[in-house]
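Please keep the sequence and the three-dimensional view side by side while reading.

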Amino acid sequence: MEPENLTRVSEFVLLGLSEEPDLQPLLFGLFLSMYLITVLGNLLIVLAVSSDSHLHTPMYFFLSNLSFVDICFTSTTVPKMLVNIQMQSKVITYGGCITQMYFFILFVVLDNFLLTVMAYDRFVAICHPLHYTVIMHPWLCGWLVLVSWIMSALNALLQSLMVFRLSFCADLQIPHFFCELNQMIQLACSDTFVNTLVLYIVTVLLGGGSLTGILYSYSKIVSCIRAMSSAQGKYKAFSTCASHLSVVSLFYLTILGVYLSSPATHNAHSSTTASVLYTVVTPMLNPFIYCLRNKDIKGALKRSFVMTV
């Protein structure tokens, strides 16, 4: 492409979920409600786990970290979209776009790692119950979370720096409600081969590696459950995994559909719809999935409420 067709980028335009003016109040109310539910639900989990000594176990330690990350994850995209709808402006600065993209990648990969760690925790609890407290030592739990944060931050930094090398033309409209990496790459006028290659390699290594770890953990869990003689024991073991399996299925089916689809056949509308599922719906449902039938969490919340009253 000719150099004169390139422009110095200062801002992008986020087209959002819909350009219909009549739908904007509905979208604002819907996403504001989902955002508030997400923050409140996940915050309650964090407070319950941190304030109740009965929940100071590896499973709830990882769950509270997942809830905190889900709050950050949703806060990366939804507030900006709500401001754009309220102000009737779809503009985001170049620096704001890169920053949003960095934190989005950071928290989505961190979610991915935490779900893998939680699968390993369930594997140890069900298949090696007598050695659970020895294996899942607080030091190991903290180390697993720390490594997850470091790897996520380094990956987000790599992807963001890769975008800095791209040049953009006069068309700076992003058909999304946030600065999504795939859309940014497709919007560029310069050669994006290296960016696409790095994106696919990282997705396979981090996403595929984590998914493989989860599948391996659950294959061992299924074998252990089948070997149990007590029907009650089988039900109890499976019930501890059902919530995690539900979240994992929703998370991976949507996110892999977005990031592994071919750029040549990539449909912006379907990408945006799938992104809503794993950026907004999944973090909102996590507190309900994990806690509605969890007596420990409900008991901790009741005790906290009684103490405050």
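## The salt bridge

The structure holds one salt bridge, a term used here for a side-chain nitrogen of Lys or Arg within 4 Å of a carboxyl oxygen of Asp or Glu. The side chains that meet in this salt bridge belong to D121 and R122, with 2.9 Å from N to O. Side chains of opposite charge can pair when their charged atoms come close.

Buried is taken to mean under 20% relative accessible area, exposed over 50%, and partly exposed in between, with a 1.4 Å probe and protein chains only. D121 is buried because its relative accessible area is 1%, and R122 counts as buried because its relative accessibility is 9%.

## Basis of the model

This is a predicted model, in which local features need pLDDT of at least 70 and side-chain atom pairs count only at pLDDT 80 or more, whereas totals for chains, interfaces and linings use all residues. Residues are numbered from 1 along each chain as its sequence is written, and side-chain values use heavy atoms, with hydrogens and water left out.

## The chain as a whole

The protein chain contains 10 helices and five strands, which are DSSP runs numbered from the N terminus (helices H or I, at least four residues; strands E, at least two). With 309 residues, a compact globule would have a radius of gyration near 19 Å, and the 21 Å of the protein chain agrees with this; the radius is taken over C-alpha atoms, and the globule rule is 2.2 Å times the number of residues to the power 0.38. Along its principal axes, the C-alpha trace spans about 70 × 45 × 30 Å.

Of the 309 residues, 47% count as buried. Among contacts (heavy atoms within 4.5 Å) with a separation of 6 or more, residues 24 or more positions apart account for 80%.

## Strand β2 and its partners

Strands are said to pair if DSSP finds at least two bridges between them. Strand β2 is joined to strand β3 (residues 91-93) by three bridges in an antiparallel arrangement, with F12 standing opposite I92. Two bridges join β2 to strand β5 (residues 173-174), and these two strands run parallel; here L14 stands opposite I174.

## Two residues of helix α2

T77 is found in helix α2 (residues 58-87) and counts as buried because its relative accessibility is 0%. Leaving aside residues up to four places away in sequence, T77 touches Q100, F104, F177, F178 and T279.

N84 also has its place in helix α2, and N84 is buried, with a relative accessible area of 10%. Not counting residues up to four places away in sequence, N84 touches L14, S89, K90 and V91. N84 and L15 are 69 residues apart in sequence, and their C-alpha atoms are 9.9 Å apart in space.

F193, V194, L197, I201 and L205 make a nonpolar surface patch of about 480 Å². Patches are made of residues with over 30% relative accessible area and no salt bridge, like charges being joined within 9 Å and nonpolar side chains (Val, Leu, Ile, Met, Phe, Trp, Tyr) within 5 Å. Accessible areas come from the Shrake-Rupley method with a 1.4 Å probe, and for residues only the protein chains shown count as cover. One of the patch residues, I201, is found in helix α7 (residues 193-227) and counts as partly exposed because its relative accessibility is 44%.
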